[in-house]
Amino acid sequence: MKTEFDLQPILENELVKIQPLTEDDFERLFKVASDPQIWEQHPNKDRFKREVFKTFFEGAMESNGAFIVFDKKTNEVIGSSRYYGYSAVDNTVSIGYTFLVKDHWGTIYNRALKTLMLDHAFNFVDKVIFHIGALNVRSQKAILKLGAVKIDEVEMKYHGEEMKLNFVYQMEKEAWNRIK
């Protein structure tokens with residue numbers, strides 16, 4: 001029998017450790033997020049600016065599912081991700097708002113992070129949803145490499161921001177168990 005979904009566990013593997021995001025994490029996460037290249041394909045390209053990132057961070061805190069991500073080898077902050085939109089009725093949860101420092105792009109770190117989050121989620125749900133900005137080709141390619149399937153396109157409103165077109169991808173538990 002499934003228990004209630006813990007949206008903010010501490011999870012780790014050999015590459016990354018994720019722990020619940022706290023108000024005290026703002027400065028060190030903003031230090032990572034202040035690189036404009038991180039946001040160049042995201043729906044809000046100005047998130048590298050302090051005031052814009054503050055709105056993003058507020059949304060993360062309000063989600064009650066946000067994480068700060070550490071490189072296990074260096075113990076340095078390398079980004080953030082979160083669970084959101086959990087539905088026991090639909091047996092789904094979403095993973096998103098993920099960003100990593102540039103020097104971890106195209107490496108095994110995104111897969112390590114998503115593996116932790118997917119493995120945890122599939123203890124409670126049968127489907128995981130990913131919303132990715134329509135212009136965020138880098139993240140679209142990364143999620144396809146994980147084995148997710150594009151299922152829709154929707155307009156979404158981010159916390160404190162305007163509506164943006166997002167592509168919707170889905171990973172089913174059975175497919176993940178075959179892939180990983």
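Let's start with helix α4. This helix lies across β1, β2 (16-20), β3, β4, β5, β6 and β8. Its direction is at about 160° to β5. One caution before I go on: this is a predicted model.

Now the sheet under discussion. Eight strands form an open sheet, and the pairing is mixed. Read across, the order is β1-β2-β3-β4-β5-β6-β8-β7. Which strands stand at the edges? They are β1 (11-12) and β7 (149-157). Each has a single partner strand, so one side of each is left without a neighbour in the sheet.

A quick reminder on pairing. Strands of a sheet pair through backbone hydrogen bonds, either parallel or antiparallel. We have examples of both here.

Take β3 and β4. Strand β3 covers residues 66-71, and strand β4 covers residues 77-87. They pair in the antiparallel sense, with five bridges. If you want a spot to look at, find Phe67, which stands opposite Ser81 in β4.

Next, β6, residues 127-133. How much of this strand is buried? Five of its seven residues are, so to speak, under cover: the strand is mostly covered.

What does β6 pair with? On one hand there is strand β5, residues 92-100; the two are parallel, over three bridges. Thr92 has Lys127 of β6 as its bridge partner. To get from β5 to β6, the chain passes through helix α4, residues 109-121. That β-α-β crossover is right-handed.

On the other hand there is strand β8, residues 163-172. Here the pairing with β6 is antiparallel, over seven bridges. Look at Gly133: its bridge partner in β8 is Asn166.

First, Asp35. Where does Asp35 lie? It is in the loop between α1 (26-33) and α2 (36-39). Its side chain reaches the backbone nitrogen of Gln37 at 2.9 Å. Beyond its neighbours within four places in sequence, Asp35 is in contact with Phe48 and Lys102. Glu4 is 31 residues from Asp35 along the chain, and their C-alpha atoms are separated by 37 Å.

Second, Ala175. This residue is found in helix α6, residues 173-179. Is Ala175 buried or exposed? Its relative accessible area is 18%, so Ala175 is buried; the cut-off for buried is under 20%. Ala175 and Asp126 are 49 residues apart along the chain, yet their C-alpha atoms are separated by 10.0 Å.

That's my tour. Questions, please.

Note on methods: Residues numbered from 1 in each chain as written. Predicted model: local features only at pLDDT ≥ 70, side-chain atom pairs only at ≥ 80, totals over all residues. Heavy atoms only, no water. Helix = DSSP H or I, 4+ residues; strand = E, 2+ residues; numbered from the N terminus. Buried < 20%, exposed > 50% of the residue type's maximum accessible area, 1.4 Å probe, protein only. Contact = heavy atoms within 4.5 Å. Polar contact = N/O pair within 3.5 Å; in protein donor to acceptor, adjacent residues only side chain to side chain. Pairing = 2+ DSSP bridges. Right-handed = clockwise from strand over helix to strand, strands pointing away. Axes fitted to C-alpha atoms, helices over the stretch in contact; angles between N-to-C directions.
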